[in-house]
Every structure is written in C-alpha cells, then in structure tokens.
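Welcome, and please take a moment with the sequence and the model before reading on. The notes that follow go through some strand pairing and then the nonpolar cores.

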Amino acid sequence: MQKKRWAALSALRKVLTCAICSIALVALFSVHVLVFPSSRVHDFSDPFKLPTKLSAEQSWTLEIAPPHLLKAPLPSSSRKLEGSSGILETDKLWKRPSNHDFVPCVEPSPNYTSPTESRGYLLVHTNGGLNQMRAGICDMVAVARIINATLVIPELDKRSFWNDSSIFSDVFDEDHFINALANDVKIIKNLPKELATGIRAVKHFRSWSGMDYYQDEIAGLWEEYEVIRAAKSDSRLANNNLPLDIQKLRCRACYEALRFAPQIEAMGKLLVDRMRSFGPYIALHLRFEEDMLAFSGCTQDLSPDEAEELRIIRENTPYWKEKEIDSTEQRSKGYCPLTPKEVGIFLTSLGYPLNTPIYLAAGKIYGGESHMAALRSRYPILLSKETLASAEELEPFTNHASQMAALDYIVSVESDVFIPSYSGNMARAVEGHRRFLGHRKTISPDRKALVRLIDKLEQGTLKEGKNLSNRVIEMHKKRQGSARKRKGPISGTKGTERFRSEEPFYVNPLPDCLCKKEFPIRATL
C-alpha cells in the first residue's frame with residue numbers, strides 16, 4: 001500500500017515539474033519576443049504628417065518609424081561589425097574625435113556697442129547655391145556693421161544653374177534673423193519707398209577684403225549715395241586678420257541668427273527622427289549630380305554618350321569659364337568627386353558594415369540607378385528624403401532647390417558621421433557647423449590618394465581586404481574633424497591665390513568662435 005502511495009506521489013511530482021518547466025519556457029519565450037523586434041515587414045501604410053501649424057513653443061514633430069520602408073530598423077545595440085570582435089569596433093566607427101575642450105564663445109567683447117545711427121542702406125544680391133548664399137549673407141551682416149549700414153533683407157539668387165524662385169522668407173526665418181541681430185546691425189525687410197527708384201551705387205565688392213577696404217573705399221560712397229548695392233556676396237570678406245568682434249558676429253549670424261524657415265526646420269527634424277529609427281547613421285553628401293559633373297569635367301565611370309552630354313552642358317553655360325577639361329588629369333589631382341562605386345569601396349575599407357544606414361544628401365544622381373547600383377549592392381540601407389518622406393510631405397519643397405538642399409543640410413549636420421564625396425560649398429558649410437557644435441565626426445576623403453588605390457584595384461595589382469583597409473584607415477586618421485586651428489595660406493602663394501589657398505572661415509571657426517572650456521580650480525587644503 002505504501003509503495004503505491006509513493007508511486008502516486010512520484011508521478012504527481014513529475015507532472016508538477018513538467019508543468020513548471022512549461023510555464024518557465026512560455027515566460028522566457030514571451031520575454032524574448034518583447035526584447036527583440038520582429039523580423040516581419042512592418043505596415044507603414046499610414047503616411048506621417050507634419051503639423052499644420054507651428055507655434056513658437058511647439059517642438060519639431062517626433063516620428064519614430066519612417067513610412068513606406070521595406071525593412072524594420074535594426075536596434076543599435078545589436079549592430080556588429082561582421083568578421084570582427086563586434087561592439088568595440090562598431091563603437092570606434094561612430095566615436096567623435098576629440099574637441100580638446102573647445103566650446104562656442106561668440107559673445108561680443110565688453111567694448112562692443114549697439115549699432116549707431118545708420119549712414120545708409122545696403123542691398124545685397126546673393127549668388128550661388130544655398131550654402132554659398134548662406135556664407136555670403138553672414139559676411140554681408142559683418143560688412144553692414146563695418147560700414148554702419150542698415151541691411152535690407154538679402155535677395156536670393158534666382159538666375160543660377162538651379163533656377164530657384166524662392167525668396168528669403170521661403171528658406172530662412174526672416175523675423176528671427178532680424179531680431180537675433182538687433183544689437184549688431186539694423187535689418188529691414190524692404191527699402192523705404194522713397195528710395196526704391198533712386199540712384200544707388202552698384203559695386204562688386206573685392207574678394208577677401210579686409211577692414212581698410214570697407215572702411216575707406218566702400219564707406220566713402222556714403223558721401224554721394226544713400227543706397228549701396230552689392231552685386232555679389234560670395235567670398236567678399238577676408239577669412240583672417242579681422243577684429244575679433246567682427247569674426248564673432250559672423251558666427252552669431254551663421255550659427256544662431258540664420259536658421260531655416262519653420263516648415264523646413266520641422267521637415268528636417270522629421271527626417272532626422274526617421275533616420276535615427278535605424279540607429280546611428282552616415283550622411284553622405286554625394287556630389288554625383290549633373291551640374292557638378294558638367295562643371296568639373298569629370299567623367300569617371302560614365303559612358304561616352306554621358307560624357308558628351310555633360311560637355312555640351314558645360315559649353316552652353318556661359319558663366320562657367322573652363323570649357324576644355326582633361327578628366328583623367330582632374331581626377332589624378334583629386335579635383336573630381338568620388339563616384340558612387342568609389343564611395344562604396346571607401347566605406348568598406350573604413351570598416352563600416354553592410355547594415356550601416358546611409359542618408360544620401362544629394363539632388364538627382366546623374367544616370368540614376370545605373371550608377372547607384374555599385375554603392376547600393378554594398379550598402380542596401382541607402383535612404384534619402386524621397387524615400388524617408390512621402391511625396392505629399394515633400395510637395396511644399398519640391399521644385400525649390402534651395403529648400404530641398406536645406407533639408408539635406410539639417411540631416412547632415414545632425415548625423416553621427418558626415419562624409420562628403422567632394423569638398424564643395426555644402427561640404428564646407430556642414431563641416432564648419434559640426435565643428436561649432438562640438439566637433440562632430442566628419443571624414444574628409446583624401447581623393448587624390450584614394451583614386452590611386454582604386455586604380456590599382458581596377459588594374460588587379462591590389463585586392464580589397466585587410467591591406468587596403470589598413471592603408472585607407474591610416475591615411476584618414478587625421479581627417480575626421482578633430483579640433484585644430486584654421487589653416488592659413490599656402491607658403492609662397494601671392495595675391496588672390498594666397499587668399500584662395502586659405503581654409504575658409506566657415507569651414508573652421510577656430511580660434512575666433514571656439515574657446516577652451518574653463519574648469520573650476522579645486523581648492524587644496
């Protein structure tokens with residue numbers, strides 16, 4: 001009888017043990033499902049909307065998941081560099097360079113005064129694309145201060161290659177610009193009616209000019225004119241050897257006063273949030289666009305028909321002076337933008353894994369997918385404003401090159417890593433802004449050295465792998481945007497070439513607008 005009782009108890013114990021184990025397994029499976037995202041394709045059928053009205057207090061719209069994308073985002077914690085030791089190497093790829101404790105310092109000196117009574121009005125016709133105009137506007141703020149002028153809101157370039165009809169308030173926050181600089185320069189929206197048809201001095205300000213030129217030659221025009229019109233705005237102010245208060249004013253204008261219009265800021269932040277849903281990302285400024293290739297004469301990876309089409313565009317664009325260009329020579333000197341194929345080799349050699357999210361900061365890529373295929377095969381998570389947002393969301397900005405470029409600018413400044421394929425105006429502007437904001441990682445490709453290595457790959461004398469990777473990583477150790485002083489002119493250069501060889505002010509605002517952070521001294525007993 002007792003044996004039967006023990007047998008029953010033993011059987012009951014086994015049943016209970018199995019039940020407990022089953023419950024534990026179900027609980028463990030449930031936790032697993034909660035912690036790790038599903039691999040199924042998410043339904044992004046509902047388009048995301050921007051707020052219809054933006055109040056001063058309202059923050060940018062926060063949207064986590066981007067619309068109509070093919071894959072669910074990968075959690076940043078699970079991203080590992082394939083074929084390596086994992087998280088440690090991945091962290092190194094995204095780590096910021098040292099800022100050496102430099103922080104923004106743009107406050108004026110104690111002797112700085114509010115603007116005195118204006119001597120006249122400064123009209124400005126900006127020229128170039130968005131970032132060329134941005135730099136020019138900020139320089140003209142400083143010029144207005146130097147010559148004691150009232151600045152009329154600048155006119156944006158409508159006649160350049162991009163043929164954009166946008167006015168200042170379409171691209172920038174006009175009221176904020178005026179109010180933020182009220183203690184520096186008087187700014188008005190329009191010239192007084194009584195002066196609208198009056199005689200004015202129209203001047204092409206001399207490039208890279210200093211205080212003497214503006215205080216003597218330009219300010220001297222007030223003796224005869226009430227209105228001075230600057231026919232161009234780009235590179236009209238020296239990079240160096242200006243009073244510190246003028247340099248700081250340029251930074252306040254560029255990084256504080258000249259912010260984008262509210263609708264652009266909102267859409268830009270929305271794109272940033274959607275990129276962030278994929279984890280840390282690279283913003284790639286890929287200058288493989290029709291205007292860039294036609295202007296530079298670079299034809300690498302293009303067909304003969306494409307090269308001829310670009311030559312004709314260059315020939316028919318009157319304000320591009322160089323017509324006959326040797327593409328091979330341009331490329332060997334590092335004067336050509338990297339092609340999509342070359343960018344793919346570069347990123348792979350740096351060690352970025354294939355699941356790296358990349359934001360494509362660019363206009364229409366010349367040749368479309370036929371040229372993008374080589375890059376996309378290496379990095380399939382290749383996104384742009386057109387894939388992150390619906391056509392409806394982008395509709396207010398479409399057909400306005402400056403406004404679309406402004407969206408790319410915002411996403412690029414906020415990226416974890418910024419890589420330009422060419423050192424043009426946008427690349428320089430974004431690099432400088434990222435330096436100002438804490439020396440965010442910006443990798444500037446050594447194009448001259450890279451194309452030599454890539455040519456060896458094409459010739460079969462070098463293979464992709466550890467050897468190539470080590471060489472590429474080594475040559476870019478000091479090209480990642482760490483804190484350093486702005487570079488002066490190249491030794492031996494003279495005149496205009498001397499100024500042209502300097503590192504532009506807005507590429508690196510150190511030392512004028514960045515100072516060493518002061519730490520409190522601890523008292524010792």
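Two strands count as paired if DSSP finds at least two bridges between them. With that in mind, strand β7 (residues 282-285) and β8 pair in the parallel sense over four bridges. Do keep in mind that this is a predicted model.

**Strands around β8**

- Strand β8 spans residues 358-361; I358 and L360 point one way from it, Y359 and A361 point the other way, and all are buried.
- Within β9, L382 is the bridge partner of I358.
- To get from β8 to β9, the chain passes through helix α13 (residues 369-378), and this β-α-β crossover is right-handed.

**Nonpolar cores**

- As background, nonpolar side chains tend to be buried together in soluble globular proteins.
- Here, the largest nonpolar core holds 87 residues, and those with the most contacts inside it are L122, I147, F172, F177, F205, Y214 and F260.
- Helix α3 (residues 130-146) supplies the largest share of this core, with 10 residues.
- If you set aside its neighbours within four places in sequence, I147 is in contact with R119, Y214, I218, A219 and W222.
- Another core lies apart from the largest one and has 38 residues, including L302, L338, M372 and L468.

How values were computed:
Residues numbered from 1 in each chain as written. Predicted model: local features only at pLDDT ≥ 70, side-chain atom pairs only at ≥ 80, totals over all residues. Heavy atoms only, no water. Buried < 20%, exposed > 50% of the residue type's maximum accessible area, 1.4 Å probe, protein only. Helix = DSSP H or I, 4+ residues; strand = E, 2+ residues; numbered from the N terminus. Right-handed = clockwise from strand over helix to strand, strands pointing away. Core = buried A, V, L, I, M, F, W, Y, C linked by side-chain atoms within 4.5 Å. Contact = heavy atoms within 4.5 Å.
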